[in-house]
Amino acid sequence: MNRRLRLLPLAAAALFLLTSCSSLSDLAGVATTTALHCENPQAVMLVLGAHRDGPKPSLGPSVACQLTAAVRDGKPVRIVVASGQPQLINPHLVNVTGGTLAQQDSPRVQQDVQRVTAAVAAVRPEAPGVDDLAALAVAADEARSLGAGDAELVLIDSGLDDRGALDFTVPGLLAATPAEVAGQLKASGNLPDLRGFTVILVGVGYTAAPQPPLSDKWRTNLTSIWVSVLQAAGARVQVIPQPGQGPSVSTDEPVRLVPIPATSPVMRGIHTTIIFTGASPVRFEPNTTAFVDPAGARRALTPIASWLAADRSRHAWLEGTTADVGPLSGQRALSVLRADHVRDVLISLGATAAQLSTQGVGSDFPQFTRDRNAAGTLLAGPATLNRSVRITLG
């Protein structure tokens, strides 16, 4: 089994949403449809997240339809368990090929489908952790070895890897800009070779205890990260936001919890410093002063504006910071513009201009976290946390 990860150029790919669910419909460039597309896949590779902190994997109607089509046509079906060390399973199906339509629709087809379904229910990890990205690489290598270079790779999991190249336990990564995450993997040579394959994402962002659940916002961003990474690896991508439900499988293999960005109440008072990073509601579109969620940013800033408005002798010092991207002069220019934008919002919410001071320091501030590796590659998680507006009240 070849698990080598290979570097690829960015490849364009189509993204289809097979069913609509909450804010996933807001993903840019997504075409939505409720129709099932049960075509004849060259092969079906089921990549299953059977581990702690994620619901037991379930095929669902769309995947079951594709599985049945593959079995009926005698195409290969394999299972890859997405643990910290992905393992390959061959269900050893009978398969019915050739003959009459009646023979191909014989009970043996349904028996093979039932064998796969039973195998899905029985899978358990043999190693700690989750590495969906490595499991997809294993599935792609297996498909190529079977001569199925355009197989469907169906990932049924939360997508919250806790190790490997896409380790979401790294603070800030869940909130990172999807294109930046894909760029980090490409620059570091950690993209799998998925050219020619269709990757179907099922149930991304749905968790089981004790992993805290994801809000619609973070589930959408997680899905967008996976789409960007898989497209950069050369795959076509489909998303089925099938909600995972219920407990995880019974296993003693541990999985690390992924930190979920919290929206903490704003504590106001003299000498209090409030930090809004790129993982907070006051987060900006890349390289702009535009908020990702203008309404959310205003809600987060309202308590500060109210505190200032209650006593005109109060003051707030706003300091903008950035990741280490581009020359320091440019970083400072952007960071002061972002601080100015926050100032303008506070004024619109009731503060006065005389109560507010702004400056921008770029990446030159004491709390800066190193956001480039030894090779100079930008690290998306730390970079997200370095992009901030820091408000000190006095």
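Which residues have the most contacts inside the largest nonpolar core? They are Leu 153, Leu 166, Phe 168, Leu 201, Trp 226 and Leu 230, and the core has 48 residues. By nonpolar core I mean a set of buried Ala, Val, Leu, Ile, Met, Phe, Trp, Tyr and Cys residues joined through side-chain atoms within 4.5 Å. Buried is under 20% relative accessible area, exposed over 50%, partly exposed in between, with a 1.4 Å probe and protein chains only.

Before going on: this is a predicted model, where local features need pLDDT of at least 70 and side-chain atom pairs count only at pLDDT 80 or more, while totals for chains, interfaces and linings use all residues. Residues are numbered from 1 along each chain as its sequence is written, and side-chain values use heavy atoms, leaving out hydrogens and water.

H6 supplies the largest share, eight residues. Apart from this core lies another, of 25 residues, including Leu 48 and Val 202.

Now the rings. There are two aromatic pairs, counting Phe, Tyr and Trp (six-membered ring) with centres within 6.5 Å; planes under 30 degrees apart are stacked, over 60 edge-to-face, the rest tilted. One of them is Phe 365 with Phe 368, edge-to-face, 5.9 Å centre to centre and 85 degrees between the planes. Phe 365 is buried at 7% relative accessible area, whereas Phe 368 is partly exposed at 27%.

Conventions: Helix = DSSP H or I, 4+ residues; strand = E, 2+ residues; numbered from the N terminus.
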